[in-house]
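Me: I have a structure open and I'm new to this. Walk me through it, please.

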Amino acid sequence: MSAPARSNYSVAIVGAGIIGLYTAYHLARAGTGPILVVDRGFLSSGASGRNGGGVRQQWETRATLRLARESVAAYRRFGREFGYNIWFRQSGYLFLAETDAELARLRPVHDLVRSEGLDSRVLDADGVRRLVDGIAPGAAVGGTYLGTDGTLYPFPALWGLYEAVRALDVEVALGVEVLGVTTADGRVTGLATSRGPVTASRVVNAAGGWSGDLSRAAGLDVPNHATRHEILATEPMKPFLDPMVVRPSDGLYFSQTMRGEIVGGLTLPHAPGTGGGMSSSAAFLPRMAASLSRLVPRLGSLGVLRAWSGYYDDTPDGFPIIGEDLRCPGFFHANGFGGHGFMLAPSATRRIARAVMGEATDLDPGLFGPGRFTGAARPAAVERLQLG
Amino acid sequence: MVEPSRSRFWFEGRSHDAEPGRTVLDRLLRHGLPSLQRSPRYHRPRAPFCGIGQCTGCLVRVNGRPNVRACRYVPGEGDRVETENAWPSRRFDLLAAFDVMFPNGIDTLHGFRRPAFMTPLYHRVIRRLAGYGQPPSRESATELRGPPRVGSADVLIVGAGRSGRVAAEALVAEGRHPILLDRRADVAPVAGADVWASTTASFLPPRPSTPGAAFDLIGYTEPARGVLVRAPQVIVATGSYDASLLFGSNDRPGVLTGDGALGFARSGSPAPFHHAVVFGAGDRARVVLDELGDHVSALVAPGEIPPETVRVASAAGIPLYPRSLLCTTEGRSRVRAVEIRARGNGSSTRLECDAVVLVHRRLPNGQLFFQAGARMNWRAGTGSYYPVVGDDGATSVPGLWAIGSASGTVGAASVGSGERVAAAVTGGSLPLSPLERVRSDGSNELEGYYRELVRIPRRGRWIACPCEDVLLEEIEQTTRAGYRGVEVVKRYSGLGTGLCQGRYCLPDALLLLSIAEGRPPSEVGYITQRPPVHPTPIAALAALDGVLTPAEGT
Ligand SMILES: Cc1cc2nc3c(=O)[nH]c(=O)nc-3n(C[C@H](O)[C@H](O)[C@H](O)COP(=O)(O)OP(=O)(O)OC[C@H]3O[C@@H](n4cnc5c(N)ncnc54)[C@H](O)[C@@H]3O)c2cc1C
Ligand code: FES
């Protein structure tokens, strides 16, 4: 519980998750003056410490795909750049199709991925069986697979960034809650925190599942909505599964981590909003267990070790919200990452930092800009591939 | 659950008699304390430690199902029991070389980053070393695919220890018909109550907010079958357990908790030790001296030894070492001696022994309270959380009751609390006098103890988390690197993420971190108790899908 050391900052970032820390890193390297990152929790208490570690480049839109591809390159370098081994293992992402119609729906993604020069494959039932040892007969007619997708360990990424930004004189105040954004003449002047006011002409909202709450507290009407997602880990065992496996029909995803656990979740209908706490529900464990063991029956005799949950920060069109909110100059959005903030963080935050510094970015404002939901504006496209 | 009396199971190619209600470990203990497996990172020999299905000291593979606890599993006809995570065998394991090669530990956080082209190879090697055992066989899951056991009652009692049984009897006397469940295989019947033995309670979610909704307790039986009990009233009588302790080579076979030592001795097999060093001097130590006095060669205590204990020990001719640090064990695959040191920079003494029995502190099994959302209270005296309970045993959650040592009551009051709660549950009117709680507060004896202990020169491996082979040095480095709080330390080091669900390492970690961070243990963190309470087979959970009404996740 460290109160902010000074009262005046060049940029104040709300949220010390992967988005907040990475943004601070890019800003500090560019030298933008004193930077403060505030978080009410401990390091890793948000979604960045609760996710499945999946990193994929198979997307429905070129814009997301390119961000993801750039992030893959960054995560490959991460260990050498930040001193922490994130165990980024490029052993593929497999989207399963249970029917030919589902396979046909995955086709356009496959074509797009190939058109970007990535080696996506369409697999038949045999191909799937070779990748998922013990898959139930008839469980999939085929699927799409990209071998350079993969999984990583989220925690060391946070440690590496935390130490890197502190070495660059960024101040990270943990256990400090942001109560609101202060303004004068419609412009941002700083933050009201549980440890007193902080002055900063630029505020970045990287509050993950709570970013909608923060924007609305600042009087901004935003479409972000938090949804709770549950996830579990099994007992660790010797390696038997390489890729991340996703089954679109019920949103099941799972992979085997470096430690040997199966980590995965599925989509359950949950009440939106951040009021539900981050515990597990009675419905999740049986549902997830049934879904997983229907697909890979041999996992039935493995024990579930723990279950937990976290918040996705969803947007109506499936794209994150990046950039300055012109209704409140100085207020920058770095949120709306749904279930994919980790895999998009390195590249997306590079653009966020640019925007904060007043530089142009290559992001299409019609897809990513905060203004796309206001007035008569209509989202230019929709990124529907939200699973896994 | 009815076994023919002459059935046999297989262990390492030899057949053994299986007896009703007797576990695999009961059977193996006839030949002494077995070292059944190797530890995950350094492949150190490990042996049963707790005897109550809570540690990782007795994991075996049964019929292709990994990580079955030998001290809980009652084998049936033809069961194949194998050992895990040792190559080529549990007695001689080549991978034990890691223990020698990496005296300062394997640093997977910073290591293995260079050169870049080696990355795939590092991944392959480290993955192969991780994990307790081989993945389950195909057949193992088929065998487990059975219908769940579903029940409902107006009162469910979790835990058939003394207080749980007293509550069950009192409820029956009031005309109720409770379900009484317990993890143990050998639970004596209670007339009028429905007793479910070998049944583990895994998850007690908060009661749905809809009016009239009951609690749904999720669990499993051995061999794995899903369990669902629906009840408007739940009495949690999960009791307490003997804690572990940190010292050099604290994971060596022969180091046991009091639960283990007493349980093994009571199992009817010859006691698996002959001259043990007992660590601790309270009630629990006297129970060990009473039952196992002939097998105890010394009693070591962190503080003064109470007169009652001095009397019992002196009568048995057992030498006493008050105010001492337990520094390290010696031996190879079995404890041969311990080194102790008088506190306040005193001299050190070597005591020969073949076991160490830890009875210095007892901790409550409070996970179900946490899960159900009951308000909890930190007690510095024992260094753990207890539910906040009223004089009638009511927790802050309506319909959830706490009795016995899990609730923080002691001695006779702990047993009597069962009657009291039964009266409250049924609306009866017993005269209520205040319950005698655990020494309500005060300072924790172990805090000062650890303050001294961490400063002595170290010999052997100091294993802060045996399930995951996390070393004390790794925890200390985490603090030095500027990370604070038990939740962050867990994620940084892996401490507390193994199969014991943090039961044995986290209570001590709270004390050690409080010393390192210079703030009280309660500020170092609240240990989140994520479900399930014990690892629960996926097949058992899957069988409950659709049985549970698909309640909205609240
Ligand atoms: C179960 C689950 C699985 C997922 N799987 C994947 C995956 O496989 N791959 C992937 O790329 N992504 C995945 N995600 C999504 C990913 O985790 C998130 O998109 C990403 O971590 C978001 O990072 P963040 O920094 O924006 O938010 P967070 O990590 O949530 O950080 C936000 C921080 O803001 C703080 N905060 C909020 N409000 C305030 C306030 N008022 N004052 C002070 N501090 C505040 C919070 O304490 C929190 O620490 C998953 C998410 C979940 C929940
Ligand atoms: S001895 Fe069986 S789990 Fe501890």
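Reply: A term to begin with. Two strands count as paired when DSSP finds at least two bridges between them. Also, keep in mind that this is a predicted model.

Me: OK. What do β10(A) and β11(A) form?
Reply: They form a hairpin, with 2 residues between the strands. β11 covers residues 196-205 of chain A, and its pairing with β10(A) is antiparallel, over 4 bridges.

Me: Which residue in β11(A) is the bridge partner of A192(A)?
Reply: That's P197(A).

Me: And β9(A) with β10(A), parallel or antiparallel?
Reply: Antiparallel, over 6 bridges. β9 is residues 178-184 and β10 is residues 187-193, both of chain A. V181(A) stands opposite L191(A) in β10(A). These two strands make a hairpin with 2 residues between them. In that turn, D185(A) has a positive phi of about 55°.

Me: Switching to helices. At what angle do α2 and α8 of chain A cross?
Reply: At roughly 100°, with the axes coming within 7 Å. α2 is residues 62-82 and α8 is residues 341-356. So α2(A) and α8(A) are roughly perpendicular to each other.

Me: Which residues meet there?
Reply: From α2(A), they include L67(A), A74(A) and Y75(A). From α8(A), F342(A), M343(A) and L344(A) are among them. The contact divides into 10 nonpolar, 3 polar and 3 charged residues.

Me: Now chain B. What is the order of strands in its open sheet?
Reply: β17-β24-β18-β19-β20, 5 strands with parallel pairing. β17 (255-257) and β20 (320-321) are the edge strands, and each pairs on one side only. Further in, β18 (276-279) and β24 (355-358) pair over 4 bridges. There, F279(B) has L358(B) as its bridge partner.

Me: Which strands does helix α6 of chain B touch?
Reply: β17 and β24 of chain B. α6 is residues 258-266, and its direction makes about 90° with that of β17(B).

Me: Last topic. How many residues of chain B are in contact with chain A?
Reply: 66, and they contact 61 residues of chain A. The area buried between the chains is about 5,500 Å². Carbon and sulfur atoms give 58% of that.

Me: Which residues in chain B lose the most area to chain A?
Reply: R127(B), R491(B) and I538(B). Together they make up 16% of what that side buries.

Me: How many salt bridges cross the interface?
Reply: 4. R138(B) and D133(A) also meet in a salt bridge through their side chains, at 2.9 Å, N to O.

How values were computed:
Residues numbered from 1 in each chain as written. Chains lettered and ligands numbered in written order. Predicted model: local features only at pLDDT ≥ 70, side-chain atom pairs only at ≥ 80, totals over all residues. Heavy atoms only, no water. Contact = heavy atoms within 4.5 Å. Axes fitted to C-alpha atoms, helices over the stretch in contact; angles between N-to-C directions. Parallel < 35°, antiparallel > 145°, perpendicular 65-115°, else oblique. Nonpolar A, V, L, I, M, F, W, Y, C, P; charged D, E, K, R; others polar. Buried area = accessible area lost by both parts, 1.4 Å probe.
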